[in-house]
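These are my notebook entries on a single protein chain. I set down what I looked up, in the order in which I looked.

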Amino acid sequence: MNIKILTNHDINRNMVLIQCHPKNKNLVKQICHFIKLKYGTLKVFDDEYNYYHMYIWDICYIDELRRTISVYTEKDVYYITKSLKHLMVHLSKRRFIQVSAHTIVNTLHIDHYYISADSRRIIVLDNGCEVVVNRHYKDVIDNYLFVKDEELM
């Protein structure tokens, strides 16, 4: 099977066109389902209550402070109205891990982590932000990094 990727600046950024032979229709349906499951969007709003649909892979981490859910990207902060528990149910399938009772991290943005002088694990994201891992979740991050290292071999 040959796969060709053609780019077109005339179509919307939110659109992907897939052409296939009629006999490959089921394969394309499975690919579309996988893309929607893996790389969906999340409805967020900014300080002025303008709503946006943000791609999940753009999210670095999500933090809850005083019942306000903040969504951090590389440069901006957005907000969401759903609970952190509800978000974690949906985002755990999309390579997000919970590192404290109030923080979820996108594993695609983890650059590295280190153990501080007081034995806390600190995750450093690719945008330079540092996220502290709660001691109750240290096994989660250790298991993720251990599995990630095994996948490389």
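Entry 1, terms and overall layout. I take helices as DSSP runs of H or I with at least four residues, and strands as runs of E with at least two, numbered from the N terminus. On that basis I place Ile-31 in helix 1, residues 25–38. I note that the model is a predicted one. I count three helices and ten strands in the protein. Read from the N terminus, the order of elements is α-β-β-β-β-β-α-β-β-β-β-β-α.

The protein has 153 residues, and I find 31% of them counted as buried. The exposed surface comes to about 11,600 Å², of which carbon and sulfur atoms supply 52%. I also looked at contacts between residues at least 6 apart in sequence: 39% of these join residues at least 24 apart.

I asked how exposed Ile-31 is. Its relative accessible area is 37%, so I record Ile-31 as partly exposed, the class between 20% and 50%. I then took the separation of the C-alpha atoms of Ile-31 and Ile-18, which is 9.9 Å for two residues 13 apart along the chain.

Which residues have the most contacts inside the largest nonpolar core? I find Ile-59, Ile-62, Val-71 and Leu-87, in a core of 16 residues. Strand 1 (41–45), strand 4, strand 5 (77–80) and helix 2 (84–91) each give two or more residues to this core. Helix 2 gives the most, with four residues. I next listed what Ile-62 touches, leaving out residues up to four places away in sequence: the list includes Val-71 and Leu-87, along with Ile-69, Leu-84, Leu-91 and Ile-104. Another core lies apart from this one; it has twelve residues, including Cys-60, Tyr-61, Val-99 and Val-105.

I asked which residues of helix 2 are buried. They are Leu-84, Leu-87, Met-88 and Leu-91. These residues lie on the same side of helix 2, because the arc they cover around the axis is only 100 degrees. The general rule is that an α-helix has 3.6 residues a turn, so residues three or four places apart point the same way. On the other side of helix 2, I find Lys-85 and Val-89 exposed. The cover over the buried residues of helix 2 includes strand 1, strand 3, strand 4, strand 5, strand 6 (96–100) and strand 7 (103–106).

I find strand 3 and strand 4 paired in the antiparallel sense over five bridges. Glu-64 stands opposite Ile-69 in strand 4. Strand 4 and strand 5 are also antiparallel, over four bridges, and Tyr-72 has Val-77 in strand 5 as its bridge partner. The hairpin from strand 4 to strand 5 runs through four residues, whereas the hairpin of strand 3 and strand 4 has two residues between them.

Where do Arg-66 and Arg-67 lie? I find Arg-66 in the loop between strand 3 (61–65) and strand 4 (68–72), and Arg-67 in the loop between strand 3 and strand 4. Phi is positive for Arg-66, near 55 degrees, and for Arg-67, near 65 degrees.

Technical notes: Residues are numbered from 1 along each chain as its sequence is written. This is a predicted model: local features need pLDDT of at least 70, side-chain atom pairs count only at pLDDT 80 or more; totals for chains, interfaces and linings use all residues. Side-chain values use heavy atoms; hydrogens and water are left out. A nonpolar core is a set of buried Ala, Val, Leu, Ile, Met, Phe, Trp, Tyr and Cys residues joined through side-chain atoms within 4.5 Å. Buried means under 20% relative accessible area, exposed over 50%, partly exposed in between (1.4 Å probe, protein chains only). Contact means heavy atoms within 4.5 Å. The arc is that of the directions from the helix axis to the C-beta atoms. Accessible areas come from the Shrake-Rupley method with a 1.4 Å probe; for residues, only the protein chains shown count as cover. Two strands pair if DSSP finds at least two bridges between them.
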